[in-house]
Amino acid sequence: MYAESPGGMEWVVVFNPERPPFWIPVTVREVADASVGYFTLLQRTELDRVLVQQVQAEMAGLTPEDLAAPACLGHDSRTVLQVNGQAQGLALMRFNPAYWNRALPISAVQLVSYGRTAEPDTAGGAACPDYPHRLARTIT
């Protein structure tokens with residue numbers, strides 16, 4: 001279970017622990033390369049060209065270790081590349097292609113994720129039962 005903030009939304013993820021991790025970290029280089037690719041695709045205005053140049057300049061100022069580090073949201077001194085490799089802030093993750101069992105039929109459920117409010121009883125007088133919380137209590 002992942003919580004956004006105390007008393008806020010929680011995300012419940014039901015997965016197969018016998019498979020490889022379903023999330024893997026995104027590196028600073030991957031974010032930088034994706035940013036360059038995104039702004040390069042646009043190239044409609046002068047701003048798009050400036051943003052590509054800015055990301056490339058910001059990348060040039062990073063060491064190979066910085067670029068290989070797991071990316072986290074937030075950086076005060078860079079203009080466009082707003083990630084850091086110092087494990088400060090929300091970690092950026094992506095789905096691991098190795099997690100999915102491709103031998104299963106396409107209709108097989110391999111991962112379930114849903115959001116819920118952290119305090120189900122504060123809703124008071126809800127017309128229907130809080131099934132996501134019931135499921136979470138059953139499996140956790």
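User: What pLDDT does the protein chain average, and what share of the residues score at least 70?
Analyst: This is a predicted model. The protein chain averages a pLDDT of 81, and 79% of the residues score at least 70.

User: Where in the protein chain is confidence lowest, and where is it highest?
Analyst: Confidence is lowest in strand β1 (residues 2–3), with a mean of 58. It is highest in helix α3 (residues 64–68), at 93.

User: How many aromatic pairs does a search of the whole structure find?
Analyst: The search finds 6 aromatic pairs.

User: Why is the pair of Phe22 and Trp23 called tilted?
Analyst: The ring centres of Phe22 and Trp23 lie 5.2 Å apart, with 45° between the planes. Stacked requires under 30 degrees and edge-to-face over 60, so the angle of this pair falls under tilted.

User: What makes the pair of Tyr38 and Phe39 edge-to-face?
Analyst: Their planes stand at 70°, and the cut-off is over 60, so the pair is edge-to-face. The centres of these two rings are 5.2 Å apart.

User: Which residues form one aromatic cluster?
Analyst: Phe15, Phe22, Trp23, Phe95, Tyr99 and Trp100 form it.

User: Which residues form a nonpolar patch on the surface?
Analyst: The patch consists of Val14, Val109 and Val112, with about 230 Å² of accessible area together. Val112 belongs to strand β7 (residues 111–117).

Definitions and conventions: Residues numbered from 1 in each chain as written. Predicted model: local features only at pLDDT ≥ 70, side-chain atom pairs only at ≥ 80, totals over all residues. Heavy atoms only, no water. pLDDT = per-residue confidence, 0-100. Helix = DSSP H or I, 4+ residues; strand = E, 2+ residues; numbered from the N terminus. Phe/Tyr/Trp six-rings, centres within 6.5 Å; stacked < 30°, edge-to-face > 60°. Patch = residues over 30% accessible without salt bridge, like charges linked within 9 Å, V, L, I, M, F, W, Y side chains within 5 Å. Areas by Shrake-Rupley, 256 points an atom, 1.4 Å probe, with all protein chains shown as cover. Salt bridge = Lys/Arg side-chain N within 4 Å of Asp/Glu carboxyl O.
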